[in-house]
Every structure is written in C-alpha cells, then in structure tokens.
Amino acid sequence: MEILWMLIVGGIIGWLAGLITGRNVPGGIIGNIIAGFIGSWLGGLILGSWGPVIGGFAIIPAIIGAIILVLIVSFVLRKMGQKNSHGHHVK
C-alpha cells in the first residue's frame, strides 16, 4: 500500500511541475511519476529534506526538484527536435 501511495504522490509532484512550468512531461502519467521521483531526489540533493513530508517525499524540495527536471528535459528535447528538423536524418 505504501508503494501505491508513493506512486500517487510522485505522479502528483511531476504533474504539478509540468503545470507550473507550462510544459508537459513526456510519457503521460508514467512520465509524471518518474519526474516526481527523480525530481524529489534532485530536490533533496540540492535543498535537503525539510517542510511537510507526504508519502515519503519532502514536498517542497521535491516539487522544486521536479520543476528543475522538467525544464531540463524540455530544453534537451527542444534542442534535439531542432537538430532533427534541420535536414539531419535520424535512423
């Protein structure tokens, strides 16, 4: 049951990060969960673990970490898309 709760909270964190940045996380609900988990880890590394904890996530650092992750991923995907659209063939 605890894993299910972590998946739900992780998904919400990823979804919130996408909402705040105005960018969609690739991969739909699975992408949101992954962004939530990785974002939580990233936020914990950068900001430590403080504030309210829900489902094993320190919510505020987790959301900030997920926002950073979503911005990085969307930047990388945009750069890759530009490279592919300028006549370079992807095999």
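**View 1. Asn32, a buried spot in helix H2.** Asn32 has a relative accessible area of 14%, so it counts as buried (buried means under 20% relative accessible area, exposed over 50%, and partly exposed in between, using a 1.4 Å probe and protein chains only). This is a predicted model, where local features need pLDDT of at least 70, side-chain atom pairs count only at pLDDT 80 or more, and totals for chains, interfaces and linings use all residues. Residues are numbered from 1 along each chain as its sequence is written, and side-chain values use heavy atoms, with hydrogens and water left out. Asn32 sits in helix H2 (helices are DSSP runs of H or I with at least four residues, strands are E runs of at least two, and both are numbered from the N terminus). Which residues does Asn32 contact, leaving aside neighbours within four places in sequence? They are Gly10, Gly11, Gly14, Trp15 and Val25 (contact means heavy atoms within 4.5 Å).

**View 2. Where H1 meets H2.** Two packed helices are described by the angle between their axes and the distance between the axes. Here H1 and H2 (residues 28-47) pack at an angle of about 90°, with axes 6 Å apart (axes are lines fitted to C-alpha atoms, for helices over the stretch in contact, and angles run from 0 to 180 degrees between N-to-C directions). That makes H1 roughly perpendicular to H2 (under 35 degrees is roughly parallel, over 145 roughly antiparallel, 65 to 115 roughly perpendicular, and the rest oblique). On the H1 side, look for Met6, Leu7, Gly10, Gly11, Ile13, Gly14 and Trp15. H2 brings Asn32, Ile33, Ala35, Gly36 and Phe37. By class, this contact has 7 nonpolar, 5 polar and no charged residues (Ala, Val, Leu, Ile, Met, Phe, Trp, Tyr, Cys and Pro count as nonpolar, Asp, Glu, Lys and Arg as charged, and the others, Gly among them, as polar).

**View 3. H1 from end to end.** H1 has 20 residues and reaches 29 Å from its first C-alpha to its last, close to the expected 28 Å (1.5 Å times one less than the number of residues). Its buried residues include Val9, Ile13, Ala17 and Thr21.

**View 4. H2 from end to end.** H2 also has 20 residues, and its first and last C-alpha atoms are 27 Å apart, close to the expected 28 Å. Among its buried residues are Gly31, Ile33, Gly36, Ser40 and Leu42. Just past H2, Gly48 takes a positive phi of about 80°.

**View 5. The largest nonpolar core.** This core has 13 residues (a nonpolar core is a set of buried Ala, Val, Leu, Ile, Met, Phe, Trp, Tyr and Cys residues joined through side-chain atoms within 4.5 Å). Val9, Ile13, Ala17, Phe57, Ile59 and Ile63 touch the most other members. H1 (2-21) and H3 (59-84) each supply at least two core residues, and the largest share, 7 residues, comes from H3. Zoom in on Ile63 and you'll find it touching Ile13, Leu16 and Ile20, not counting residues up to four places away in sequence.

**View 6. Ala58 in strand E2.** Ala58 belongs to strand E2 (residues 57-58). With 10% relative accessibility, Ala58 counts as buried. Ala58 touches Ser49, Trp50, Pro52 and Val53, not counting residues up to four places away in sequence. The C-alpha atoms of Ala58 and Gly48 lie 8.7 Å apart, though these residues are 10 residues apart along the chain.
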